[in-house]
Amino acid sequence: MLTIKNLRVAINNKEILRGINLEVKPGEVHAIMGPNGTGKSTLASVIAGRDIYDILGGEVLFNGKNLLDLPVEERAAEGIFLGFQYPVEIPGVSMTNFMRTALNEQRKYRGLDPMPANEFLAKMEEKKKMLEIQAKLTNRSVNEGFSGGEKKKNEIFQMAMLEPKLAILDETDSGLDIDALKIVANGVNMLRRPDNAFVVITHYQRLLDYIVPDIVHVLFDGKIVRSGTKELALELEEKGYEWIKAGLAQ
Amino acid sequence: MDQEPKNIIDEVTQSEYKYGFFTDIEMDTAPKGLNEDIIRLISTKKNEPDWLLQYRLDAYSKWTRMTEPTWAHLHHPPIDYQDIIYYAAPKPKKELSSLDEVDPELLSTFNKLGISLEEQKRLSGVAVDAVIDSVSVKTTFSATLEKKGILFCSFSEAVQKYPDLVKQYLGSVVPSDDNYFAALNSAVFTDGSFCYIPKGVRCPVELSTYFRINAANTGQFERTLIIGDEGSYVSYMEGCTAPMRDENQLHAAIVEIIALKDAEVKYSTVQNWYPGNKQGEGGIYNFVTKRGICKGNNSKISWTQVETGSAITWKYPSVILMGDNSIGEFYSVAVTNNYQQADTGSKMIHLGKNTRSTIISKGISAGHSNNSYRGLVKMTKRAENGRNFSQCDSLLLGDKCGAHTWPYIKTENKSSIVEHEATTSKISDDQLYYCNQRGISTESAIGLIVNGYAREVLKQLPMEFAVEAQKLLSVSLEGSVG
């Protein structure tokens, strides 16, 4: 589904990603872990298409298409969703209006007619119920005045509405208490299907108690230095990132 | 990923005015220039009573002694008032009794605007007084309204049919020497709309007038008079769009509203006149005096405007709060793009006790445009316990436009409270990126964000207008980004 080959990315002439290789297949959940400042969020942003980076080399293929050629909104319509670490507020724009616009623009890209209003509203209700999201959340403006936990839940809600093929969750667990964390994790688990995939970026192993990954990668200094099963995350939790550094020094 | 602001801003300037077309209708036109003879000609053409001619001549004489105001934050080449045609009327082929008899050219113009009279009549139940240039061609629904005692007709017709009402109220809110442009209008106004709602009557439909400026070199001087008698209610809508033109066209309208005891008048405008081309050439010069007076106790006047057109907008819909407990409201969205200039705002003059006013102004500037809010809130000595809340927000798209705010507050008593809030913001790259990531294109995202920003004002509009206004905001800013 997603193939990244030797991706090298810089910002302000500083190389952040220094040769990333990653292969994500349908049905898989990947976890990317690593200390702060190693390029985890950069990787997520580059896949989504944020235009503040310089691509120095390599390629990113999504279902055979060269993602690096596509603008952000087309990547989204191709089925890529990014759960933001810091979702922005859009005052005055209701969640309902925002979601309907997003959904229908994606449908348009895929050659589909806009979703009829009643069908759309029914879908909103269904997803809210599934994720145990209170009705008032969708009556408010996008993320405006939301608590940190509400913002993250809202990201999961949007993911449920848009039904992406590949969802990248960028530190969705940061700043969440345990209850919110469970809601977020349950949401992801409920949305898992054989034909979609998740890349979960996290600093802590805690989230992985609830979202069980198939493969864990450790990103360090712009490179994936270790990949393994979920046990790798536990080992990392136990020994700390110093262990990785020591391993690299040898 | 070539969404560099510069490219996208360039794109804005390439989006042409979507309502640029011109209807070819035979005109009955006065020679260029302004003098007493022209005024007499207008008055004669309209078969006016002598008092009205004298009113015009008096205004003209005052105007000749006045000078054009220069205090607004507006720049334009000098206007040659002698190079303007002050009277032009479309010649109807014969007396019109049904739509079938309306000039097909005219109907097609309305069709292009998407506001065909048939449609209006059939679907929306809105009575339309369609003004093409200076003479009302067709008035619909007046018969139905008349059953309720509501008078809704062209101004000229009102002069003939209800001269006493016109004489009583004309110039009572905006005196003929109120300002330079008001004096000009008082001298040369050709037509407009008249509306009277009798005591205790609630007008069952939104009254609507579509204005068009339709002849080369013809200034348009509309005159609107709305009287809400005691305990009445009316919602009045004015909307317009004009054909593409190279020359500048002067427009100096006057709208006067009188709300008597317990009356409520709601006046909504969507203004989309030709703003000029992307180099800032052409476009309408719009110098308008709009003022209402809450004359009786417990009366209410509410102005809502969505301003997206005109090269120059000079407009301060105001309310004089004379009756005790009266309420004045002003809700405004003003969009400027390319080289448009807008100097707009409101005046709330509190005279009565316990009077309340609200000003919500949302300015949106893009391109090389300049958007200014100018407002006055005045609490006189008598206006005990007066309250005002003003909020003036500016949204900037791009880095070549300007937003300015000039709020004036004068209070002469200690019991009144005046609050003023102001913000300036830009659409952030983060907001656009967030929308893009959900699959929303940058253009749609700007439409969403701008409409969200203006929501407080848009929700004040009557439903059928709100939809139109939302589209207009998106179209006016097509492709622009901050």
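Two residues count as in contact if their C-beta atoms, placed from the backbone, lie within 7 Å. The model shown in these views is predicted.

**View 1. Chain B meets chain A.** Here 18 residues of chain B are in contact with 27 residues of chain A. Helices H10 (429–437) and H11 of chain B each supply at least two residues of the side that touches chain A. H10(B) gives the most to that side, with six residues. By type, the chain B side divides into seven nonpolar, eight polar and three charged residues.

**View 2. Helix H11 of chain B.** H11(B) covers residues 442–453, 12 residues in total. From first C-alpha to last, H11(B) reaches 16 Å, close to the 16 Å expected at 1.5 Å a residue. Of its 12 residues, 10 are buried, so H11(B) is largely enclosed by the rest of the structure. Among the buried residues are Thr442(B), Ile446(B), Asn451(B) and Tyr453(B).

**View 3. Strand S14 of chain B, face by face.** S14(B) runs through residues 300–307, and eight of its eight residues are buried. In a regular strand the side chains alternate between the two faces of the sheet. On one side of S14(B) sit Lys300(B), Ser302(B), Thr304(B) and Val306(B). On the other sit Ile301(B), Trp303(B), Gln305(B) and Glu307(B). Both faces are covered.

**View 4. The neighbours of S14(B).** Strand S12 (residues 264–272) of chain B runs parallel to S14(B), joined by eight bridges. One of the pairs links Val270(B) to Val306(B) in S14(B). Strand S17 (residues 327–336) of chain B is also parallel to S14(B), again with eight bridges. There, Lys300(B) has Ile327(B) in S17(B) as its bridge partner.

Notes
Residues are numbered from 1 along each chain as its sequence is written. Chains are lettered from A and ligands numbered from 1 in the order in which they are written. This is a predicted model: local features need pLDDT of at least 70, side-chain atom pairs count only at pLDDT 80 or more; totals for chains, interfaces and linings use all residues. Helices (H or I, at least four residues) and strands (E, at least two) are DSSP runs, numbered from the N terminus. The expected span of a helix is 1.5 Å times one less than its number of residues. A residue is buried if 20 or more other C-beta atoms lie within 10 Å of its own, exposed if 12 or fewer, and partly exposed in between; C-beta atoms are placed from the backbone. Two strands pair if DSSP finds at least two bridges between them. Ala, Val, Leu, Ile, Met, Phe, Trp, Tyr, Cys and Pro count as nonpolar, Asp, Glu, Lys and Arg as charged, and the others, Gly among them, as polar.
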